Structures are given as structure tokens and as C-alpha cells.
Amino acid sequence: MLSRRLFLKTSAVIGCSAAAHPLLSSAAFASAPGENRLVVIILRGAMDGIDALRSTLSLGPDHGATDLDGFFALHPGLSDLLPLWRAGQMTFAPAVSTPYRDKRSHFDGQNMLEAGTGTDLDLDAQQDGWLNRLLQVMPGQVSETAYSMGAEQMRILRGPAPAKSWSPDATLNLSPQAEMLLSRIYHNDPLFRDASAEALEIVAGLSPRQPDKKRQPEHLELARFAADRLNRETRIATFSLAGWDTHAGQAGTLTRALGRLSKTILTLQAGLGAHWDTTTVMAMTEFGRTARENGSAGTDHGTGGAMLVAGGAVRGGQVLGGWPGLAEGALYDGRDLMPVRDIRAYAAWAMHAKFGIAKDRLERAVFPGLDIGQDPGLLA
Amino acid sequence: MSIPYDQLAAIRLGFGLSPRQPSPGDPAAVAASVARAAPDPDGITLDRMREWQRTGNRLARAARKGGAEAGRASREYRMRLGSRHRADILARFARAVDDPGGFGERLVWFWSDHFTVAGGTLYTNLMMAAFVQDAIRPHLAGRFADMMYAAETHPAMLRYLDQGRSVGPNSIVAQRNPKRAGGLNENLAREMIELHSLGVGAGYTQHDVEELAALLTGLTYHPKHPGVFQPKLAEPGPEEVLGQTYGSPQAVANFSDIRDVIDDLATHDATARHIARKMAVHFVADDPPQALVDRLAGVFTDAGGDLAAMNLALAEAPELESHFRQKLRQPFEFLVTSLRALGADGPQVSALKPGVLNQRLLRPMAVMGQPWGLPDGPDGWPEASEVWGAPQGIAMRINWALTHVAGLAGDLPDPRDFLAHALGGTASEAVAWAVPRAESRAEGIALVLASADFNRR
């Protein structure tokens, strides 16, 4: 029990794709944002990537997981996504992380993931998010270009570039007189002034809710709303899914969380229709979990974790990056999966390929100080 | 603008003004008013929980064996407990609406959030209510160490942070039954240091977390077993946490070692700074003046973590006035402050029907970003104004003020009177100009409730 994963093969390195990537020139995107779409889902609570891809804790490697490539096997909670894998529209980076190390705090880890900075900045100083810095270097963007969805306004999109934030549950109906009076009342309070103006603008552009549509669970409402916006002017959407902190009874809790993620992605796909072909969905988590099982059939906070990428724009069907193995000596700090690549490098290459952001801007403006390295060949 | 102290304290430390009752008029009276937030003798407690869980489990076992009668009995019992939980939520609203100072109930919210536990299922919801009653309310003006000890060892916390399933690798249970031996679970140990005491910026390491996890083994809860400690699960000592040694190799760790380590964590210098800053952030400003933080930290240290001294220091702080309205009320506060301003009283709030509670309070509160008892993680609710001031949240506040007030408060007052009751002398010119120009009584009231003046504190 104490070494749930150490019976596995010690290592199996899967090399980076060596195929040359046709670099897209920024000029092709002069009238950007264009048709490409990016969805970033933050998985709050630290997803156990080892289990998602090896199914070692929930079921054992030979029980119920679906083989992907002879080495990695898909957790049954993700089995709804198998058609995407088979269609070459899904891939994983199994051992990635932000630069965050050692204290293993969810909250600091999530801040760093959303801020997209390195360890050179004080965590408190990391206010703005990397999707907002992307907007700042993106040509032709408008305020509808990027959207944070859900009750929470995502930190990853926070910053000076205008972006939208809305929950599919929210409504606002004002008489013209009330609207005028409120705008006077809010005039001297920038927070209220901007929030209410934005709310009014968003509500005016929403499709009226179809009365026959029953309310779905929150993650599906978010996905549906995201697809609706992405089918219009929005090109970047972000929201979060919680429920990944599987300290106990992981077999059940992780299966449910993975099921929600699967349904979220499939709802996006269905809602996007033909636009799915130009969409990239990246599901990222603050860090991975311990290689060993803890005393409660769960896992504790770790370091390296997995990222899931799906979408019609993805060159899928293969696992990305290396795999450091789970042998005692290969673990980070003797306990966690060793990250082999910075998760931001994948995001950077996606933005390069899909929004035409030049390498040096990615390394200096969006992810300051990051060496984005070789193209992982993530996107077709 | 110079604000009379009673209004200043009610707006900043309480749930705003009420037309029915005056607010305490000086810092000593505000600090003393915290006593009103004492445990409710009829409230949900751990002792009641044990009984309910034993009965509920017995009925559920009988129902699984079959028979329509047994199934109905189990369902009805669960429904009764569910209505007990709803009554507890209403009581939280009612006590806050009825408290003249409001500071005590605000502290209940603050400390329950500092020691976050979440609900979600019938028994976790009820246990969360017991947690507030058992671990938070008795210590609002007591020693921080006592509150921390009560919180960390409460079954609600043991479950929420998985401590009940942490087993010492060399414990008696593990040695007797190596096959199903468990192991450590670090969740509570980590948050105890990172969130509850020293703070993440303090100098501690993964080693301290692991040693504390070993030391905490034995803490567990079962409704049938008395207490919350099973020595059989405990890892033998000693463990070293932050350079201090607890327990000894001869003996299995015992409960007093856990008390000792919590006492040391609770009185650590880093804890004084962490708690001082957290109180300043919650009650004064998202980015509070360092002088205030230093002063509160000094009070915490000098008074040995006496929270009565902290409460008084806050009530006396000149920053209450100098940083007026730099905080945005969280959704629960916004709803309570609205009900209070509308002249609702406790019994009226307690009598709200379940459907009204859901439709007019809990669902809107969730869309404003604060689903009852379900924060995203053990760090609790965010503090930053930008988080609560997101367009979707502000829209929901405006919409609530327009559509739900009449259904909660009945007859609406004249908006001009309401403005005076709700904001006292603190209304801005723009609000005073706009309210009389509203098209209807309901809209006039809504303008006050939706104003930045009312939503800030």
C-alpha cells in the first residue's frame, strides 16, 4: 500500500516530437484575433496526474483503465474522452509544473499558475494573470476577446487589458430611470462604475435563456456559456473546476472530478460545433500529488502533475514531453513526480501557434524570464 | 467627514445601522457587545450530533435491510435533520440582524472562515454548524490558543482536512495489522501551520509538516466513541516541530502533546503577525496600513493571544475612520445589512419558510459568489474587493435589491426615510440626489441597497 506506484516500470521516456513545426508568422494574424480559440480550465486542488494517466491508485494498472500507447493508460473517469484521443484531438503532458516548489500550498501554487511568473517575484506581488498579458500583446483584440466565466473572476485574466467576467447564473433587469440613477450613484466609485457598466453591456448581448432548457450542473452551464461566447467574438475563455484535492478515498473522488472534466470538455465540443476545429482547451492544475499513497487511500500535495490538452486544433494521440519515472531515486524530494518541463512552455507555444505571438514577446512579456525551449508540437 | 462613533463602528465592525435599535457608542461597549455572540443553548453541538448520527446510521442500516416502513423512517429522520440545518442557517441570519453591535456575529464569521470547514452533505452541514457553536462562539473573547485547539480537534475539522484517516506507520493498529496499515495524511498538519497559525510566508519546511502530521495521529472521530483521540492510531514519538520536541519514544503520543504543539503554534511570533494582518485585512482594508498590523501584532503578543484585547484594539483603531469604506461587504454581510436596515428583526427572519430562504437568500448569495458553507478551499472566502466586485456579483446585488426585498421585508418604507436609516449621516451626495428621483418606492429602496455606500464598509 505504501508504495502504490513503485512497482511500476521504472521509466519510459517518451521523447518530444521531433517533427518540425511550421512556424506561423505573426503577419498572418494582422487581423487577429482571427478564428482560433483558447480555453484555459484551472483545476483547483491539485489533480493527481499519475492516477489520471496510469490509474495506479484507483484501479491498478491492469484494471479498467484504457491503454493509450502501451505505457500510459487512461483513468476510467476520463473514458468519455477516448473518442477524442482516437481522433487525434487530445493529448497529455504527464510531468509538468510551474516553478513553484516545496511549500506545496494550493493557494500559492494556484496564484503562481495564474500569474504565470517565476520564483523571482514575491508571491504577493503576482497580481496580474498571464492571459491578461497575452491580451496586451495581441493585435486587434476587443473587450469581448477574453472572458472569465463563473461566480469567480479569474486571476489568470486580471490586469490592465480589458476582459469580460460573467456567470451564467447572473441576471440584471433595470428600468431606464434606474439605470440612469445608478450610473450617477456609481460615478465616483470606479469598481462599481465599471462592474455595473460591464454587467449591463454583457446582459444586453446575452441570448435570452430558452425556457425549455433545464438548468444543468454548474460545470456544464459554464461550458455551455463559454461555447456560446466563443461562437461570437470571444477567443479566450477561462474558468475553474474544483474538487481535485484527493487526500482521502481518491478512487471515488478523483473518478467524479475526472467525469466532470470530461463532460465539461464534451459540452464545449458540442456547443462549439464547427468552431471546435479551431479550439484548444488546456486543463492545468497547480501541482501534482505524491507518488505514494497516503494512509487514507488518497495522496498528499506533490510537485509534477499532468496537463490535459484537447480540441480540434490539437495534434493529439500522443503523449507529450518526457516521463521521469516513479523509481525512488527519480522522485522529486523523494516523494513527488519530477516535473520535466515548465507548464508555461506549452501555453506559450500554443499562443505562438494560435495567436501568432512572437517568441521573444512570450519570453519577455507574457511569461517574463521563461525559456520556452523547443516546440513540443502540440498543435496542428 | 467626521462620523459619529456609533455609526462608524456599526458600519465597519457590525452589520450596519438599524432603525429599531441604537448601536454601541464607544469602543469599550463595542468590544463588550461580543459577549452577545455566545453559544446558543439550543444550537447544534457535537453532543447532539453524536446522537443524531447514531440514530441516523441505525435507521439507515434498517432501511438497507428492506421494508417500506424502515425506508420511510430513515427518510423522515433525514428530513428532520435537514430542517434542523435550515433552522441553523436562519438563526445565523437572525442573530446577526438582531445584534445591536454586530461585532460578535462578524467575529463569528471571521473566525469560522479563518478555521474554514465546509459542508455539502447532510451530516457535514450539521457538523459545520456544531463547529461554529463548539469551537468558535465560546472563544471570541478568549485565548486564540483555546480557539485553535477547539477548532483543530473538532470532528468537523478532522473530517474536512482528512485527519481522521491518518494512521501512524508504527502505531499499534499498524503493527497489529500490517496488511491494511494506513499511513500519514498531511492535510491538517499543513493547513494548521500555513493557514491557521504561522502563515505561508513563515520559516517552516516540509519536514515540520511531516513531523506535525505524525504528532497529530490518533485524532479521529466516530459518533460511537467518546472523545476524538484513539491512542492505537498514534505514531510513537518523539516528533520535532519547528525545533521543539514533543512526545517520547517510550510512549505512544498522547493528547497532551497535541495540546502542547497547538499552544506553541498559537503563540508563535509569526502567528501574531499573521492573525494581526488577517484581522486588519478583514475589518479595515484589503491592503491595511502596516502601523495597524504592527500594533495589533503587538497586542496579540503582549496579551498572550487574548482575543478580547484584539477586539478592543480594533474597536479603538483610528484606521476605522481613516480607511472608511475601503472594504466591500461579502454577500452574507450584504444580505444581513440589508435586512437590518429594512427593520427586520430576528424572529421575523427565523420564521422565513424554507422556500423563501432558498430563493431569496441562499441562491442569490451563491450567485454573488458565496454559496453557503462551500468555500473553494481551506483558505476560506477571499478578501479582495475586486473579487466581490466582479460584474456578475454586482449585477446580482442590484438584481436582489430590486426583486427580493419586498418578498422578505413586506411593506417598504419611504425611500427617503430608508436612506437616513440605512446610511445615517454617511450617504454621499450622489445617493442623496438619486434616491428621491426613483420611479417607485421599490426602486428607491433598491438604489440605496445597491449603492457603493451601502455595499462598502
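User: What does the side chain of A:Asp300 reach in chain B, and at what distance?

Analyst: In this predicted model, the side chain of A:Asp300 reaches the backbone nitrogen of B:Glu186 at 3.3 Å. The cut-off for a polar contact is 3.5 Å between N or O atoms, and the value of 3.3 Å lies within it.

User: Why is A:Asp300 called buried?

Analyst: A:Asp300 has a relative accessible area of 3%. Buried means under 20%, so A:Asp300 is classed as buried.

User: Where is A:Asp300 placed in chain A, and which residues does A:Asp300 touch?

Analyst: A:Asp300 is in the loop between strand S8 (279-285) and strand S9 (305-310) of chain A. Leaving aside residues up to four places away in sequence, A:Asp300 touches A:His247, A:Arg289, A:Thr290, A:Asn294 and A:Arg335, together with B:Leu184, B:Asn185, B:Glu186 and B:Asn187.

User: What makes the pair B:Glu186 and A:Arg335 a salt bridge?

Analyst: The closest N and O atoms of B:Glu186 and A:Arg335 are 2.6 Å apart. The rule asks for a side-chain nitrogen of Lys or Arg within 4 Å of a carboxyl oxygen of Asp or Glu, and therefore this pair qualifies. Across the interface of chain B and chain A, the rule finds three salt bridges.

User: Which elements of chain B supply the side that touches chain A, and what is its composition by class?

Analyst: The elements giving two or more residues to that side include helix H10 (187-196), helix H11 (206-216) and helix H21 (391-403) of chain B. The largest share, eight residues, comes from H21(B). By class, the side of chain B that touches chain A has 26 nonpolar, 14 polar and 15 charged residues.

User: How many residues are in contact between the two chains, and what area is buried between them?

Analyst: In chain B, 55 residues are in contact with 52 residues of chain A. The area buried between chain B and chain A is about 4,300 Å², of which carbon and sulfur atoms give 60%. Residue pairs in polar contact between the chains, both at pLDDT 80 or more, number 23.

User: What share of chain A counts as buried, and how many helices and strands are in chain A?

Analyst: Of the 380 residues of chain A, 59% count as buried; the criterion is a relative accessible area under 20%. Chain A has 10 helices and 10 strands. Chain A exposes about 13,600 Å², and carbon and sulfur atoms supply 53% of that area.

Technical notes. Residues numbered from 1 in each chain as written. Chains lettered and ligands numbered in written order. Predicted model: local features only at pLDDT ≥ 70, side-chain atom pairs only at ≥ 80, totals over all residues. Heavy atoms only, no water. Contact = heavy atoms within 4.5 Å. Buried area = accessible area lost by both parts, 1.4 Å probe. Polar contact = N/O pair within 3.5 Å; in protein donor to acceptor, adjacent residues only side chain to side chain. Helix = DSSP H or I, 4+ residues; strand = E, 2+ residues; numbered from the N terminus. Nonpolar A, V, L, I, M, F, W, Y, C, P; charged D, E, K, R; others polar. Buried < 20%, exposed > 50% of the residue type's maximum accessible area, 1.4 Å probe, protein only. Areas by Shrake-Rupley, 256 points an atom, 1.4 Å probe, with all protein chains shown as cover.
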